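Please open the structure in a viewer and keep the selection tool at hand.

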Amino acid sequence: MNLEGLEMIAVLIVIVLFVKLLEQFGLIEAGLEDSVEDELEMATVRHRPEALELLEAQSKFTKKELQILYRGFKNECPSGVVNEETFKEIYSQFFPQGDSTTYAHFLFNAFDTDHNGAVSFEDFIKGLSILLRGTVQEKLNWAFNLYDINKDGFITKEEMLDIMKAIYDMMGKCTYPVLKEDAPRQHVETFFQKMDKNKDGVVTIDEFIESCQKDENIMRSMQLFENVI
């Protein structure tokens, strides 16, 4: 991955990781057959997910797709929820040459919307629905929430630097040419030059979305994973 590729990963890596997660769960290759057994199992796990009909209404997946997704989720997470350590273990498998711990922490917090220390099947589905089937606006809203670490409605240079350092720790050893130690800070400066339109030192959701929508590469990449399941 070259320097420009690493700059773009700040928006795209969430989707890429979820495609890998789906591959691990075996969901991309799975069939779409109905299964009464799946529905019965959904009602008996320790953490009972919302009714299929409700999840279908709240997401952009069909009932059949939800059954398949649940089957894979249940196989990996028999308790019905994912804690942060499990999240870190999953992503460490995809980046064995780097350290994905910090980025997995940020990503887990973005999915743990009620901040109870666990990602349920419902949390997983709602996030996945946005990342794979959502509009560009929905995907960018989700990405902004990831980077807005303290959830105050602004992305600061410090927050973006934390994100970029986490990405560098995870991907830096896989880049060519190898990036310098100050690469994360350089990427933050580039990010703010593009997105901080009024130069007040923070990036708002409107600035973030407007800048991303003007970037042809980001817009094109938003469509890459819409049909993976």
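E65 is buried, with a relative accessible area of 12%. Please note that the model is predicted. R133 belongs to helix α7 (residues 121-133) and E65 to helix α4, so the pair ties together parts that are 68 residues apart in sequence. R133 is partly exposed, at 21% relative accessible area.

**Second stop: from a loop to helix α8**

Select K60 and E138 next. Their side chains meet in a salt bridge, at 3.0 Å from N to O. E138 is in helix α8, K60 is in the loop between α3 (52-58) and α4 (63-76), and the two are 78 residues apart. Are these residues buried or exposed, or something in between? E138 counts as partly exposed at 30% relative accessibility, and K60 is partly exposed at 37%.

Select E85 and K88, whose side chains form a salt bridge of 3.8 Å, N to O. Both residues lie in helix α5 (residues 84-94), three residues apart, which is about one turn of the helix. An α-helix has 3.6 residues a turn, so residues three or four places apart point the same way. E85 is partly exposed, with a relative accessible area of 48%, whereas K88 counts as buried at 18%. The structure has six salt bridges by count.

How many aromatic pairs does the structure hold? There are six. Select Y147 and F208, an edge-to-face pair with 6.1 Å between centres and 65° between planes. Y147 lies in helix α8 (residues 136-147) and F208 in helix α11 (residues 205-213), so this pair ties together parts that are 61 residues apart in sequence. Y147 counts as buried, at 0% relative accessibility, and F208 counts as buried at 0% as well.

The ring centres of F191 and F208 are 6.5 Å apart and their planes are at 40°, so the pair is tilted. F191 is in helix α10 (residues 183-195), 17 residues from F208 in helix α11.

Finally, select F144, Y147, F191, F192 and F208, which form one aromatic cluster. The charged end of K157 sits over the ring of F192, 5.7 Å from its centre. Among the buried residues of α10 are H187, V188, F191 and F192.

Key. Residues are numbered from 1 along each chain as its sequence is written. This is a predicted model: local features need pLDDT of at least 70, side-chain atom pairs count only at pLDDT 80 or more; totals for chains, interfaces and linings use all residues. Side-chain values use heavy atoms; hydrogens and water are left out. Rings of Phe, Tyr and Trp (its six-membered ring) pair if their centres lie within 6.5 Å; planes under 30 degrees apart count as stacked, over 60 as edge-to-face and the rest as tilted. Helices (H or I, at least four residues) and strands (E, at least two) are DSSP runs, numbered from the N terminus. Buried means under 20% relative accessible area, exposed over 50%, partly exposed in between (1.4 Å probe, protein chains only). A charge sits over a ring if NZ of Lys or CZ of Arg is within 6 Å of the ring centre and within 35 degrees of the ring normal. A salt bridge is a side-chain nitrogen of Lys or Arg within 4 Å of a carboxyl oxygen of Asp or Glu.
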